[in-house]
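The exercises below are meant to be worked through with the sequence and the model side by side. Each task is followed by a solution that goes step by step.

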Amino acid sequence: RALRTPAMWAAMAALVGMRIAADWPLADNHIYLLGYWTLAIALSLAASDLSRHLAAMSRWLIGLAFACAVLWKAVLSPDFLDGRFFRVTLLTDPRFSEAALLIGGLSEADLAANRRALDPVPEGAALAEPPTVLEPPRLRALAMVSTWGILLLEAAVASMMLVPARLDPFQARHILLLAFCLVTYAFAPVAGFGWLLLGMGAAQTDAGERWLRRAYVVAFLVVLFYSEVPWAGFLLDLGS
């Protein structure tokens with residue numbers, strides 16, 4: 001009964017808003033989306049047709065969030081389209097170390113040397129002999145595939161979410177969203193974002209679409225597996 005009480009979800013939205021305010025402006029991206037979603041649930045529970053309103057709000061929220069992501073990457077961030085973002089992130093962000101080692105073809109020694117080479121120097125200083133950054137062809141290929149793969153997949157999700165549901169007879173929006181979560185969160189260490197998107201996607205399913213609901217449950221468990229089991233590290237150990 002509590003889960004179907006608008007006041008409880010409004011209170012949840014208020015608590016999420018307090019969490020955002022406490023970390024302003026550095027709260028994680030998905031915390032903002034969580035705030036919108038809890039407010040959407042509260043408003044839908046107060047409406048006459050819960051399922052229809054919740055599904056519509058889910059489509060709009062996911063579609064607009066992904067559309068903003070595409071706008072930021074494709075138009076407002078020139079260092080994304082040319083691959084620089086992932087070329088640097090794969091080398092400097094410890095959360096992506098396993099991807100750089102497993103797929104990018106780097107050794108742990110190479111990765112450590114690259115990080116030292118990319119350490120910032122004091123402002124105004126310059127190294128007499130700048131160190132060389134080692135980028136194997138596999139690493140550059142991984143960066144470009146990640147760049148364009150994520151951009152195209154996000155654009156596809158945004159497009160299918162924002163068109164009317166009747167124009168998507170083959171449930172492409174669900175398939176694309178599931179694919180995005182299963183691929184992205186294999187390496188991106190933000191399982192909470194994946195679970196939120198999967199919950200929102202599941203809200204768009206009807207009672208008769210059992211296969212879709214089961215697919216969302218399976219995807220949820222797969223993202224849980226990604227977050228709790230160091231599968232990439234196991235593969236690295238097997239290959240060493």
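**Exercise 1.** How many residues line the second largest pocket, and which of them lie nearest its centre?

*Solution.* The model is a predicted one, and its second largest pocket is lined by 16 residues. Those nearest the centre of this pocket are Leu 50, Ser 51, Leu 54, Ala 203 and Thr 205. Turning to secondary structure, the largest share of this lining, nine residues, comes from helix 3. Sorted by class, the lining of the second largest pocket has eight nonpolar, three polar and five charged residues, and the space within the pocket comes to about 370 Å³.

**Exercise 2.** Describe the largest pocket by its volume, its lining and the elements that contribute to it.

*Solution.* Begin with the volume, which is about 1,600 Å³ for the largest pocket. Next, take the lining, which is made up of 48 residues, with Asn 29, Lys 73, Ile 150, Glu 154 and Phe 193 lying nearest the centre. The elements that each give two or more residues to this lining are helix 2 (29-45), helix 3 (50-76), helix 4 (78-81), helix 5 (84-92), helix 8 (137-162), helix 9 (172-184) and helix 10 (191-202). Helix 3 gives the most, with eleven residues.

**Exercise 3.** Which residues of helix 7 are buried, and why can they be said to line one face of the helix?

*Solution.* The buried residues of helix 7 are Leu 111, Asn 114 and Ala 117. Seen down the axis of helix 7, these buried residues fall within an arc of 120 degrees, and they therefore line one face. The face turned away from the buried side carries the exposed residues Glu 108, Ala 109 and Arg 116. As to packing partners, the buried residues of helix 7 pack against helix 5 and helix 6 (97-102).

**Exercise 4.** Where does Val 133 lie, and which residues is it in contact with beyond its neighbours within four places in sequence?

*Solution.* Val 133 lies in the loop between helix 7 (108-117) and helix 8.

Definitions and conventions: Residues numbered from 1 in each chain as written. Predicted model: local features only at pLDDT ≥ 70, side-chain atom pairs only at ≥ 80, totals over all residues. Heavy atoms only, no water. 1 Å grid on protein atoms, 1.4 Å probe; cavity = no way out; pocket = protein on both sides within 12 Å on 5 of 7 lines; lining within 4 Å. Points joined across faces, edges and corners; volume = space filled by probe spheres on them. Nonpolar A, V, L, I, M, F, W, Y, C, P; charged D, E, K, R; others polar. Buried < 20%, exposed > 50% of the residue type's maximum accessible area, 1.4 Å probe, protein only. Arc of directions from axis to C-beta. Contact = heavy atoms within 4.5 Å.
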